[in-house]
Amino acid sequence: MTENDTYYVERCLDGHPDDFRHLVRRYQGVLMANLAGKLGDREKAEEAAQETLVRAYFNMGKLNKPGSFFSWMLGIADNVAKEHQRKEHVRIKREMIRSFSSEADTPDFSHDYGLEAAVAELPDAYRKVILLRYYGRQSCTTIAEQLDMPIGTVTKTLSRAYAMLRETLNKQEQTQVNEVQ
Amino acid sequence: MNCAECKELLVGYVEGLLEASEKQAIEQHLKDCRRCREEIEQLEGLQQRLAANGDAVGRSDLEEKVMNGIIREQKRRLRAAEKAGKGLALRRLITKSPISKLAAAAIIVVAAFVLVGPFFSPPPAFAKIVEPLLKARTAIFKMIVEADGLAPKGAIEGMFMHPGRMRMTFKFDQMPGESVHISDYEKGKLLVLTPHENKAVVLEMQNRPQTANMKEINLFAEIRDFIRRAREDQDESVKYLGKKQLDGVTTFCYRVTHPKREMTVWAHHKSLLPVRVEFSIPAIVGAGGTVVMTDIEFNVDLDEELFSTEPPEGYTLQTMTMDTSQPTEADFVEGLRIWTEFTKGQYPAALNVRRLAEDLGRLLPKMRKEQGGVGPSDEQLQKFTTATRGLMFPAQLDADSDWHYAGKDVKYGRADKPIFWYRPKDSATYRVVYGDLSVKDVAPEDLPK
């Protein structure tokens, strides 16, 4: 059974807290990707994703438009990430991980911190579309509905996002090459 | 097609969103243009990298962790709210509104009835749990309602006397005086006293469910048996959680699960008597939380007079009746009808005690204004009681009844708007109630989306 976000948000507000699990299922991947990129660590990301979802649950009454749950939740995630970052010397950690992963011969995409970091650095509008497409596994049509935009805008946004990602990833490779030299 | 045009359509092309003619034009161009071919290869490479990472990240399973996190946070908030003496309390909400104290009493009676209801009309599976509790001759205990936004800081002192008599004294920190609820199940009467105002409300229970062992209703003593049986693990619904320390006492802890609620019992390791019992508040109340019983003592000497349902002399008295049988679909529809009568055609925003009470808190002052400063009449209060009972219909539906409520913002009379649907037990079709309060049988595939 898949209903839209509005349905589940209203169910929760109407006293069916258990229905929140549908929203967790739908967005856990998206959140993990977004937070892994920002925090540079899968474990920390998982912690932050949990915190984000729990916060979202308790603040759902403040959500003006139930349909905008996704964007609103992403905003919470960003706040949570900022708070976590303040506590952590994330930059150092990410640096260490990067040098570690560059030692590997074959790139292991399940721990692709470079990519996650690049996604996390995208401006809001582009990040949303990439997150929904690859980490929420939604089709372009669904994304268009979800974000209330024409499908042409979705593909244009994707196209621009790819270009930005490639640029960031190229820079990362450049840095690694320089470090090795 | 030139390279710029091709680049523009490339994403649409790999996503399979282009029309046949555009697709053909791109494929033609790709055949001739090496740079664009490289472009598409790079694009696909990036997409694969994203998809692989998406798969890896998507494997994490946060569901149970988050749901448990919510429960933990809920409890933490309750404790904090209790400490701060906060909580948008039902009682406070009502006292703040300029409505008659009697109306307030009526609402509390209904809410209290829902909370303690299972003592009186246990659903079959739950009976097993309460049965041992029901066998003590007398008992006294303290009760705390730990519900977010429902109960203010305060305490309830409870007394029980065989058969089926109960006296509960509610004291809330921010409220003057106290209120006393005395119920006598055999007589079918509930007396609510507010001594500092010399007011009494008598609620006559009608059609109360008859159980075979009505005479044997007894509260606590044989919880030993229950625990023994639970330890022998004869019942799948009972789970032994092990030995737990509770305020310096070693206890055996058991959790009993019922589709609609959950109960945890801590029993003293030597006497096997329960020292703490905690049960969840049913979802229909609209506020997660628990009711906790502590300081339980059995078979103490109590004066029969404490359980008299005769209003004391000098009290102003109001009498109401309340049907205490399980509400039916017809009662539900009637409840909705009464509700729209008072609200000039609006259906309730949600079907839970808390929202209904909040709505009522807004509605009653309005009525008072319209009636030239006169509060709700006895007749109107009686109607509210009837409506509230009917609207509790979903509470006793089975877990697999799949009920939905969609009456928010629907106006009375909209025959095209389904406002409530559920699947009766063992039925292949659903019952759907529409905005004009007609009810139809509907196949699952034709249900409202």
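In this predicted model, the second largest pocket has a lining of 36 residues. Nearest its centre are Y7(A), E10(A), Y405(B), A406(B) and W421(B). The space in the second largest pocket comes to about 970 Å³.

Which elements give two or more residues to the lining of the second largest pocket? They are helix 1 (5-13) of chain A, and strand 13 (404-405) and strand 14 (414-422) of chain B. Helix 1 of chain A gives the largest share of this lining, six residues. By class, the lining of the second largest pocket has 19 nonpolar, seven polar and 10 charged residues.

Helix 1 of chain A also packs against helix 2 of chain A, and the table lists this pair with two others.

| Helix pair | Crossing angle | Axis distance |
|---|---|---|
| Helix 1 and helix 2 of chain A | roughly 140 degrees | within 8 Å |
| Helix 2 (residues 20-39) and helix 7 (residues 124-135) of chain A | about 125 degrees | 9 Å |
| Helix 9 (residues 329-343) and helix 10 (residues 353-370) of chain B | roughly 40 degrees | within 11 Å |

In the pair of helix 1 and helix 2 of chain A, helix 1 makes the contact through D5(A), Y8(A), V9(A) and C12(A). Helix 2 of chain A brings F20(A), H22(A), L23(A), R26(A) and Y27(A) to this contact. The residues in the contact of helix 1 with helix 2 of chain A are six nonpolar, one polar and two charged.

Helix 2 of chain A packs against helix 7 of chain A at about 125 degrees, which means that helix 2 is oblique to helix 7 of chain A. The crossing of helix 2 and helix 7 of chain A is right-handed. On the side of helix 2 of chain A, the contact residues are Y27(A), G29(A), V30(A), A33(A), N34(A) and K38(A). Helix 7 of chain A answers with R127(A), L131(A), L132(A) and Y135(A). This contact of helix 2 with helix 7 of chain A has six nonpolar, two polar and two charged residues.

In chain B, helix 9 and helix 10 cross at roughly 40 degrees, so helix 9 of chain B is oblique to helix 10 of chain B. W339(B), F342(B) and T343(B) of helix 9 of chain B meet L356(B), D359(B), L360(B), L363(B) and M367(B) of helix 10 of chain B. Six nonpolar residues, one polar and one charged make up the contact of helix 9 with helix 10 of chain B.

Notes: Residues are numbered from 1 along each chain as its sequence is written. Chains are lettered from A and ligands numbered from 1 in the order in which they are written. This is a predicted model: local features need pLDDT of at least 70, side-chain atom pairs count only at pLDDT 80 or more; totals for chains, interfaces and linings use all residues. Side-chain values use heavy atoms; hydrogens and water are left out. Axes are lines fitted to C-alpha atoms, for helices over the stretch in contact, and angles run from 0 to 180 degrees between N-to-C directions. Helices (H or I, at least four residues) and strands (E, at least two) are DSSP runs, numbered from the N terminus. Angles under 35 degrees count as roughly parallel, over 145 as roughly antiparallel, 65 to 115 as roughly perpendicular and the rest as oblique. A crossing is left-handed if the near helix is turned anticlockwise from the far one by less than a right angle, and right-handed if clockwise. Contact means heavy atoms within 4.5 Å. Ala, Val, Leu, Ile, Met, Phe, Trp, Tyr, Cys and Pro count as nonpolar, Asp, Glu, Lys and Arg as charged, and the others, Gly among them, as polar. On a 1 Å grid over the protein atoms alone, a cavity is a set of points where a 1.4 Å probe fits but cannot get out, and a pocket is an open set with protein on both sides within 12 Å along at least five of seven lines; lining residues have an atom within 4 Å of a point. Grid points are joined across faces, edges and corners, and a volume is the space filled by probe spheres set on the points.
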